[in-house]
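Let's go through this model together, one question at a time. Here are the sequence and the structure.

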Amino acid sequence: MADEPRTDEQAQPTTPSPAGLPDPTGVERPWLLSYPPGVPQAYEYPLVPLTRLLDDAAQDFPEITAVHFLGYELTYRELIDQVDRFASALRSLGVAKGDRVGLILPNCPQHVVALFGALRIGAVVAECNPMHSEAELEHQLNDAGCKVVVCLDPVYQRLAKLKGRLRTVKHIIATGVHDALPFPKNLLFPLKGKRDGTHYKIPDSEGVLRFVDLIARHAPMVAQAEVDPREDVALLLYTGGTTGVSKGVMLTHFNLVANAFQGRLWMPDIQAGRENVLCVMPFFHAYGLTTCLTLGVLAAATLTLLPRFDRELVLKAIDKQKPTLFPGVPTLYVALNNAPSVAKHDLSSIRACLSGAAPLPVEVAARFEELTGGKLREGYGLTETSPLTHANPIYGKAKKGSIGLPVTDTYCSLRDLEDPLRPAAAGEPGELAIHGPQVMKGYWNQPEETEQVLRDGWLLTGDVARMDDEGYFAIVDRKQDLIVAGGCTIYPREVEEVLYRHPKVEQAVVAGIPDPYRGETVKAFIVLREHESATSEEIAAHCRSQLAAYKVPTAFDFRDALPQTAVGKVSRRVLVAGEPTGRDA
């Protein structure tokens, strides 16, 4: 499976939809004419467990380095041995097919081992952000009904406070970053970690199991539990909770295998066993999980793991490991573009980057391509779609300000913003609906929420989009982020693109805030480049030169930094939550 993919000329037929949203096989797909050479229109995805990707890589490339972590390395042969030992350990703890195993880990070898080990016995992995609060962890672990939790040592301090409140958890397995470090780093890290809070020694009296002990004590299990790839859930990935309490997205083995292949097909020059993926994006997020981990394993690539984004650490990793693929988010590329030491580092190994999670400013992409000589392309996806659905061609026409074309076997339709059963008016933006093999099974234990977004096999994304005559899509904005000022609709992304063109602006995001006269007005939150200063009037004048008057921000908030989600996406929700409402506005 790590070899070149097989292609089919025509898409497989889909069961006709009942009255409602259209039958996907009848949807016009102008984007197919814009596909670059080597990217197939359709593909026959294998009906296999997600672990099959690792099995094939280990069979075909056993001595290739699978993971590199701060000097520690595992070959694919060594990795699969640890995976099968951990699978045996989980089975000895009573974990069976369908049981949920919670992972609260950064990007590290233990994360890869625990993920595939749980899947080996047919368990469902529930991914959690290690930075989550006690309340968030309590909600997600209880909602998933986790039987076993694997966490980083410092995270246990939060779990310990939840004793008696994690209703289904029977065992906690802990590990430390030092467990996957070579000598003498494994001895030095705890000393440093005690000072900065990244290391914590769990008292033996707590009865917590040690990850390394379980690996050492158990013989490898070689039998893969039987799973139905289309029906059996592999992962629960929780949404960010921007519209309420976070929901568990059920992604099947087939969803994740198909999306790994869709990403692989989009980059036809990937060479099995010869790539190196820089894994900065966290695996507990759908974007990092697919574009870094599963796509990397499918290609039998070396995964260069970093536990967090640190600008100098990333630059040093690029120097030493020479990654060829580097998925990221705009804030990450902005930080590297503006690194004072960037000229001292060799970034020329980077051949291709897909940027997701947030709009990619044109200037940011141009600067990063200048530094690397590679291609940085904007893509699009959601947790509910495993996540990749669109991308600009790596080797073909890439359109500025566009999320590109639907990837192989992905159907799209623009729907009326008030009634998704009606198509959007010709030439007008509409809510983007997606149909394809990567679309989730539904929300965990949330049938009503599932019915709201899954209609006739289509996922209603909540994003407002346009499509041009060549089939390229552009996200206008989130439906809930649209600003309505004096009856006029304003799309935040349009204003943000203009702000990014100002030479003093490093980061910018705009949001609607209450206004007693217009209903809402536009406020801009801005981070200036280092050693720069600017006034509100200066930035407003820049906007007036490029925007209609009603779109120009009427308020400016200059900050040292903007709040970000775990994957580096600026959190508009947090910014707006801090704004006054009603009379206070």
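Q: Which residues do ring pairs link into a cluster?
A: This is a predicted model, in which local features need pLDDT of at least 70 and side-chain atom pairs count only at pLDDT 80 or more, while totals for chains, interfaces and linings use all residues. Residues are numbered from 1 along each chain as its sequence is written, and side-chain values use heavy atoms, leaving out hydrogens and water. Rings of Phe, Tyr and Trp (its six-membered ring) pair if their centres lie within 6.5 Å; planes under 30 degrees apart are stacked, over 60 edge-to-face, and the rest tilted. Ring pairs join these residues into a cluster: Tyr-43, Tyr-45, Phe-254 and Phe-261.

Q: Which charged residue sits over the ring of Phe-254?
A: A charge sits over a ring if NZ of Lys or CZ of Arg is within 6 Å of the ring centre and within 35 degrees of the ring normal. Over Phe-254, at 4.2 Å from the ring centre, lies the charged end of Arg-230.

Q: How many aromatic pairs does a search of the whole structure find?
A: The search covers the whole structure. Its count of aromatic pairs is nine.

Q: Why is the pair of Tyr-35 and Trp-266 edge-to-face?
A: The ring centres of Tyr-35 and Trp-266 are 5.4 Å apart. The pair counts as edge-to-face because the planes stand at 85°.

Q: How many residues apart are Tyr-35 and Trp-266?
A: Helices (H or I, at least four residues) and strands (E, at least two) are DSSP runs, numbered from the N terminus. Tyr-35 is in the segment before helix H1 (51-60), and Trp-266 is in helix H8 (residues 253-266). The pair links distant parts of the chain, with a separation of 231 residues.

Q: Is Trp-266 buried or exposed?
A: Buried means under 20% relative accessible area, exposed over 50%, and partly exposed in between (1.4 Å probe, protein chains only). Tyr-35, its partner in the ring pair, has 11% relative accessibility and counts as buried. With a relative accessible area of 2%, Trp-266 is buried.

Q: What is the angle between the planes of Tyr-43 and Phe-261?
A: Tyr-43 and Phe-261 form a stacked aromatic pair, 5.3 Å centre to centre. The angle between their planes is 25°.

Q: How far apart in sequence are the parts that Tyr-43 and Phe-261 tie together?
A: Tyr-43 is buried at 5% relative accessibility, and Phe-261 is buried at 3%. Tyr-43 lies in the segment before H1 and Phe-261 in helix H8, so their pair ties together parts separated by 218 residues.

Q: What is the mean pLDDT of the chain?
A: pLDDT is the predictor's confidence in each residue, from 0 to 100. In this chain, 88% of residues reach 70 or more. The mean is 88.
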